[in-house]
Amino acid sequence: MAVRPKLLTLDCTNTLFKLKRTPGTIYAAVADSHGIQVDSAKLDCAFLKNYREQSQSYCNFGCRSGISTKVWWTDLVKKTLLDSGVPKSKALDAVAKQLFDEFSGGKHWEVYPQTKEALENIRDKGVKLGVISNFDERLQEVLVDLDLCRLFDFVLTSVDAQVAKPNCRIFEIALQLAGAEPSETVHLGDNLELDVKPALCLGMHAIWINRNNVDVPPELSECGNFHAVSNIEEVVKCIKKRREKQTLTG
């Protein structure tokens, strides 16, 4: 793939940055600071279970259910701790509050190597950059702390859009924000179901960042608008420099 797009949209989690430690390890450390000892492995299992259930009961961080993001996460943290064998107490609210505050910035996230340099190179080619992420309203501050926000023309979260990937509507909103057509847009993400397939369905180009070298599904390997890379540096090679508009003279 070698394209000359007007717009490159990007997923965030596990595409641009990742957690420094597992959720269970982070939760255990914060719980310990409040006098609660709990096994991090148990917390990891309980977190995955409760995250799935919470997302099914109150999708998109509760934004369509009349509850705030903070309430959504507080409820999830408390359920995770209780399912890991922690007795019910007022300390659970303190743990949940501290975790919500700590995840309101970049403390627990780390940017993948060469990400900033790659994004700067793509911007230098005249391409607009935007974020499309299933994330809550804290993403903006996370990107600021990680020194990434300055590189984007817009940041669109699923909470902002009131709709989450894989729904094509969030991609359509991003295109409207950038004034771009699907055919002149590339989307980059790590998830085939949430990122690649909806982008292709809408008529965009899609780049799958496949850091684990998973086999490419046969139906995608035949698609001309699809490309797979193992790191973000390879994305730079896929993007050609935008041609400047020619001025007609009479």
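Biologist: In what order do the six strands of the open sheet come, and is the pairing parallel or antiparallel?
Modeller: The order is E5-E4-E1-E6-E7-E8, with parallel pairing. Strands are DSSP runs of E, at least two residues, and helices runs of H or I, at least four, numbered from the N terminus; two strands pair if DSSP finds at least two bridges between them. The model is predicted: local features need pLDDT of at least 70, side-chain atom pairs count only at pLDDT 80 or more, and totals for chains, interfaces and linings use all residues. Residues are numbered from 1 along each chain as its sequence is written, and side-chain values use heavy atoms, without hydrogens and water.

Biologist: Which strands stand at the edges?
Modeller: Strands E5 (154-157) and E8 (226-229) do; each has a single partner strand, so one side of each lacks a neighbour in the sheet.

Biologist: And how many bridges join E7 to E8?
Modeller: Four bridges join E7 (residues 205-209) to E8; Ile207 has His227 in E8 as its bridge partner.

Biologist: Changing topic, what kind of aromatic pair do Phe47 and Tyr51 form?
Modeller: The pair is tilted, at 5.7 Å centre to centre and 35° between the planes. Rings of Phe, Tyr and Trp (its six-membered ring) pair with centres within 6.5 Å; planes under 30 degrees apart are stacked, over 60 edge-to-face, the rest tilted.

Biologist: Where do Phe47 and Tyr51 lie?
Modeller: Both are in helix H2 (residues 40-57), four residues apart.
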